[in-house]
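Have a look at the structure first.

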Amino acid sequence: MAAQVPLMTPYKLGKFNLSHRVVLAPLTRQRSFGNVPQPHAILYYSQRTTKGGLLISEATGVSDTAQGYPDTPGIWTKEQVEAWKPIVDAVHAKGGIFICQIWHVGRVSNAGFQPNGQAPISSSDKELTPQIRSNGIDVAQFTPPRRLRTEEIPLIVNDFRVAARNAIEAGFDGVEIHGAHGYLIDQFLKDEINDRTDKYGGSLENRCRFALEVVDAVVNEIGADRVGIRLSPFANYMQSGDSNPNALGLYMTEALNSYGILYCHMVEPRMIVLGEKSEVPDSLVPMRKTFKGAFISAGGYDREDGNKAVAENRTDLVAYGRWFLANPDLPKRFELDAPLNKYNRETFYTPDPVLGYTDYPFLETTI
Ligand SMILES: Cc1cc2nc3c(=O)[nH]c(=O)nc-3n(C[C@H](O)[C@H](O)[C@H](O)COP(=O)(O)O)c2cc1C
């Protein structure tokens with residue numbers, strides 16, 4: 001039976017023995033009051049844990065300048081590290097493998113989120129125009145960012161290094177560096193934003209320098225076998241387009257090979273606009289072929305599509321966002337080809353500790 005469902009076949013991810021290939025995608029839920037993970041996250045993550053399943057945490061801030069949304073968790077203070085521990089323990093108790101996605105929003109912020117009301121930092125001082133939030137309801141306003149000086153960049157690299165150390169201290173099995181979706185790392189990678197004239201801007205090599213310095217620092221701190229990265233060369237969320245996403249994706253995957261990291265997690269080109277699937281001619285296959293480690297694909301997958309991608313060896317693992325959010329037992333449903341709960345966008349980012357968070361029904365209770 002299991003052999004007929006490619007998503008349900010085992011996979012050896014570095015030292016981790018995964019029992020299936022259905023990964024929980026990183027999902028910001030904005031229920032970490034005051035940037036501190038809350039006890040209700042214990043139930044949320046453990047509901048989505050299977051023995052030998054891989055979970056990636058919601059994006060987690062690396063420092064006090066990293067935030068751009070209310071109530072997103074951090075991992076730069078002792079209190080935050082301690083608060084993560086029981087959540088990680090709960091995932092481990094059920095046999096899950098738990099990776100912390102570490103994040104800096106860069107210019108996708110405003111002064112209200114910044115220490116002393118200062119300007120958010122970025123690769124550039126280009127202002128982001130107000131954006132409709134991904135819940136499709138309210139509009140986010142941004143403060144014009146301050147361009148980082150060349151000599152400040154190592155300090156931000158160091159914030160990622162310390163956050164990775166803290167994640168290991170909290171018990172996580174590794175970290176995923178958030179290099180996607182128009183946030184700080186992507187603000188260096190993409191030529192629509194990066195207009196620097198120093199060694200961090202201009203050529204492809206220079207634009208990728210910051211990302212690779214972060215990878216290098218994190219690898220040196222916690223070991224390559226515990227490090228993944230998420231990239232979205234094709235996406236243009238938060239005005240983060242690139243004039244040549246194929247070249248960018250290929251350069252990064254090639255460069256990442258020299259670090260021997262655990263995985264590369266890429267967002268499908270069809271996810272150009274957040275939450276919308278478009279028909280596109282591009283594909284992740286050239287990057288999948290270039291990258292020598294494990295490959296995770298995400299973006300717009302359903303059961304059939306995920307099975308096909310694994311069967312055709314276009315990816316090793318598939319990360320599911322919205323379907324996993326709404327179906328805590330998604331791997332089981334895929335195994336049985338059972339119907340799925342629909343997701344409710346209106347509760348994606350609301351602060352309720354239960355509603356739209358831990359109250360999505362399991363299969364047993366729906367039939
Ligand atoms: C509610 C919500 C929160 C998200 N938060 C994050 C996040 O913290 N980090 C990230 O890299 N992507 C985030 N994403 C993107 C998802 O990880 C995923 O790539 C996207 O939903 C597309 O996959 P899907 O079609 O399976 O939902 C988020 C998406 C949603 C819907």
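## Around the ligand

Keep in mind that this is a predicted model. Which residues come nearest to the ligand? Of the 17 residues around it, those are Pro 26, Thr 28, Arg 230, Gly 300 and Arg 322. Sorted by class, the shell comes out as eight nonpolar, seven polar and two charged residues.

## Polar contacts and cover

For Thr 28, an N or O atom in the side chain is 2.6 Å from a ligand oxygen. Pro 26 uses its backbone instead, with an N or O atom there lying 2.8 Å from an oxygen atom of the ligand. On the nitrogen side, Gln 101 has a polar side-chain atom 2.8 Å from a nitrogen atom of the ligand.

How much of the ligand's accessible area does the protein cover? On its own the ligand has 600 Å² of accessible area, and the protein covers 93% of that.

## Helix pairs

Take H1 (residues 40–47) and H2 (residues 78–93): their axes come within 8 Å and cross at roughly 25°. H1 passes H2 in a right-handed crossing.

Then there's H5 (residues 204–222) with H6 (residues 245–257), where the axes come within 11 Å and the crossing is roughly 40°. H5 and H6 are therefore oblique to each other. Here too, the crossing of H5 past H6 is right-handed.

Methods
Residues are numbered from 1 along each chain as its sequence is written. This is a predicted model: local features need pLDDT of at least 70, side-chain atom pairs count only at pLDDT 80 or more; totals for chains, interfaces and linings use all residues. Side-chain values use heavy atoms; hydrogens and water are left out. A residue is near a molecule or strand if one of its heavy atoms lies within 4 Å of it. A polar contact is a pair of N or O atoms within 3.5 Å; within protein, one must be able to donate a hydrogen and the other to accept it, and residues adjacent in sequence count only if both atoms are side-chain atoms. Accessible areas come from the Shrake-Rupley method with a 1.4 Å probe; for residues, only the protein chains shown count as cover. Ala, Val, Leu, Ile, Met, Phe, Trp, Tyr, Cys and Pro count as nonpolar, Asp, Glu, Lys and Arg as charged, and the others, Gly among them, as polar. Axes are lines fitted to C-alpha atoms, for helices over the stretch in contact, and angles run from 0 to 180 degrees between N-to-C directions. Helices (H or I, at least four residues) and strands (E, at least two) are DSSP runs, numbered from the N terminus. A crossing is left-handed if the near helix is turned anticlockwise from the far one by less than a right angle, and right-handed if clockwise. Angles under 35 degrees count as roughly parallel, over 145 as roughly antiparallel, 65 to 115 as roughly perpendicular and the rest as oblique.
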